[in-house]
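Subject: A structure for you to explore

Hello,

Here is the structure I promised to pass on to you. Please open it next to this email and follow along as you read.

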Amino acid sequence: MKNIHLYIFGIGNVGSTLIDQVLQSHTFFRQQHGIDLSIVGLANSKRVLLDLEGISKNWKDDFDNLSEAREADSFYKVSSLCDATKIAVDATASKEVAQCYPELLENNFNIVTANKIANSLSQDFYDLIRVLLIKKNLCFEYETNVGAGLPIVQSIHDLYSSGEQLFAVNGVFSGSLSYIFNRFSEEQIPFSEIVIDALKGGYTEPDPREDLSGNDVARKLLVLAREAGLKLEFDDIEIQNLVIPSLRTASLYQFLEEVKQLDPVLQEKKESLKEGEVLRHLGELDVLHKKLKVSLKAVKKERPAGQLKGSDGFFEIYSESYAANPLVIKGAGAGKAVTARGLLADIIKVSKASQEVLVFR
Ligand SMILES: NC(=O)c1ccc[n+]([C@@H]2O[C@H](COP(=O)([O-])OP(=O)(O)OC[C@H]3O[C@@H](n4cnc5c(N)ncnc54)[C@H](OP(=O)(O)O)[C@@H]3O)[C@@H](O)[C@H]2O)c1
């Protein structure tokens with residue numbers, strides 16, 4: 001039996017669902033994969049709970065009652081006490097946590113992340129992580145950076161690494177903006193009400209402006225562009241920002257108080273649609289010309305993007321072999337359950353890879 005220790009950063013929507021999924025499937029993983037997964041560390045932005053025996057179903061009460069103030073090296077103190085394979089799981093949207101990845105790798109943690117910040121910081125930082133992964137013989141998985149649980153990153157990776165020429169990746173990259181514009185196009189209610197519903201339902205980023213500004217989709221485009229071998233920076237992306245200038249630098253509280261100010265602009269865009277058109281928030285990655293674009297567009301209802309429902313993500317991949325008839329991936333593109341399951345799939349992948357390394361040695 002292979003012992004795997006999980007250290008989870010972030011116990012919000014995705015992190016807490018992941019914890020429940022790990023605890024529920026614990027016996028299955030032992031029987032099916034010979035892997036004993038224990039969650040030995042949990043952290044939010046302020047507190048940390050450590051238990052080398054593994055947390056139990058009462059983890060929420062334990063976190064409330066037994067957690068300690070978080071310090072920068074809280075996880076390293078206990079992780080050095082045992083020789084189990086370590087996986088740091090990042091279920092935050094925090095830049096501070098993303099910037100710790102080089103240090104985590106130096107401390108022999110594999111990394112599984114839903115947080116797309118690390119892969120969309122500077123190209124130098126991106127390259128540094130890859131250098132450390134090789135040096136330390138560790139794994140880094142991030143399928144949930146794009147399309148939540150949908151297999152987008154792996155598909156692009158497999159095509160690129162098998163020598164396929166990629167041409168373009170287009171689609172609705174954001175499950176939250178899919179949810180928002182699918183509803184806004186169909187329902188006669190103000191845009192701001194749908195944004196608040198999406199936030200309450202856990203569809204948007206903790207700050208919905210990360211979605212509405214186009215930054216979240218831009219980060220996803222950059223993750224895929226780099227997966228397809230391009231060397232680009234965030235500033236190279238053409239982004240349409242849907243947040244009016246006066247609300248861009250306001251506090252989150254103030255933004256939510258005044259989100260109604262977005263209604264007239266979006267209502268005008270909706271009223272300017274022609275018969276049979278709907279609004280869709282699109283990401284376009286032109287691999288051949290190294291152009292990345294994020295924008296809100298009118299799309300014919302009968303087109304595949306026009307048919308989306310709920311929080312569907314939708315991706316069309318054009319390449320040498322999929323030139324006339326693109327590879328299409330579609331399905332729930334947001335939501336805590338699918339995202340947590342995607343993280344868990346990556347955790348199992350890393351656990352198995354570390355098992356193989358041991359057998360090989
Ligand atoms: N929700 C989805 O459908 C979805 C889909 C795909 C990907 N994702 C990604 O999943 C990640 C988490 O999303 P979420 O919806 O679960 O967010 P969330 O509910 O807001 O939870 C964020 C968690 O991160 C913690 N955190 C923030 N800064 C931290 C720090 N410096 N150190 C440790 N913990 C910190 C927060 O703690 P405090 O409470 O103390 O601030 C909170 O527990 C994001 O990167 C998001 O892009 C989400």
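**What I found**

Leu-50 is partly exposed, with a relative accessible area of 30%. On this scale, buried means under 20% relative accessible area, exposed means over 50%, and partly exposed is in between (1.4 Å probe, protein chains only). Leu-50 belongs to strand β3, residues 47-50. Helices (H or I, at least four residues) and strands (E, at least two) are DSSP runs, numbered from the N terminus. Ten residues separate Leu-50 from Val-40 in sequence, and their C-alpha atoms are 5.6 Å apart in space.

Before you go further, please keep in mind that this is a predicted model: local features need pLDDT of at least 70, side-chain atom pairs count only at pLDDT 80 or more, and totals for chains, interfaces and linings use all residues. Residues are numbered from 1 along each chain as its sequence is written, and side-chain values use heavy atoms, with hydrogens and water left out.

**Salt bridges**

Side chains of opposite charge can pair when their charged atoms come close. A salt bridge is a side-chain nitrogen of Lys or Arg within 4 Å of a carboxyl oxygen of Asp or Glu. How many salt bridges does this rule give? The count is 17.

One of them joins the side chains of Arg-30 and Asp-36, at 2.8 Å from N to O. Arg-30 is partly exposed, at 34% relative accessible area, whereas Asp-36 is buried, at 14%. Lys-77 and Glu-71 form another salt bridge, and their closest N and O atoms are 3.3 Å apart. Here Lys-77 is partly exposed at 47% relative accessibility, and Glu-71 is partly exposed at 45%.

Now look at helix α12 (residues 215-227), where Asp-216 and Lys-220 lie four residues apart, about one turn of the helix. These two residues form a salt bridge, with 3.1 Å between the closest N and O atoms. Are Asp-216 and Lys-220 buried or exposed? Both are buried. Salt bridges with shared partners link Lys-116, Glu-205, Asp-216 and Lys-220 into one network.

**Around the ligand**

Where does the ligand sit? You will find the ligand in the largest pocket. On a 1 Å grid over the protein atoms alone, a pocket is an open set of points with protein on both sides within 12 Å along at least five of seven lines, where a 1.4 Å probe fits. A molecule sits in a pocket if more than half of its atoms lie within 2 Å of its grid points.

There are 26 residues around the ligand (a heavy atom within 4 Å of it), and Ser-45, Arg-70, Thr-92, Glu-205 and Gly-335 come nearest.

Polar contacts here are pairs of N or O atoms within 3.5 Å. A polar backbone atom of Val-14 is 2.8 Å from an oxygen atom of the ligand. A polar backbone atom of Asn-44 is 3.4 Å from a ligand nitrogen atom. Lys-116, named above in the network, has a polar side-chain atom 3.1 Å from an oxygen atom of the ligand.

**Two loop residues**

Which loop holds Ala-148? Ala-148 lies between β7 (140-141) and α8 (152-161). Its phi is near 50 degrees, a positive value in a residue other than glycine. Ala-148 is buried, with a relative accessible area of 6%. Lys-290 also has a positive phi, near 55 degrees, and is placed in the loop between β10 (277-286) and β11 (291-300).

Happy exploring!

Methods
Polar contact = N/O pair within 3.5 Å; in protein donor to acceptor, adjacent residues only side chain to side chain. 1 Å grid on protein atoms, 1.4 Å probe; cavity = no way out; pocket = protein on both sides within 12 Å on 5 of 7 lines; lining within 4 Å.
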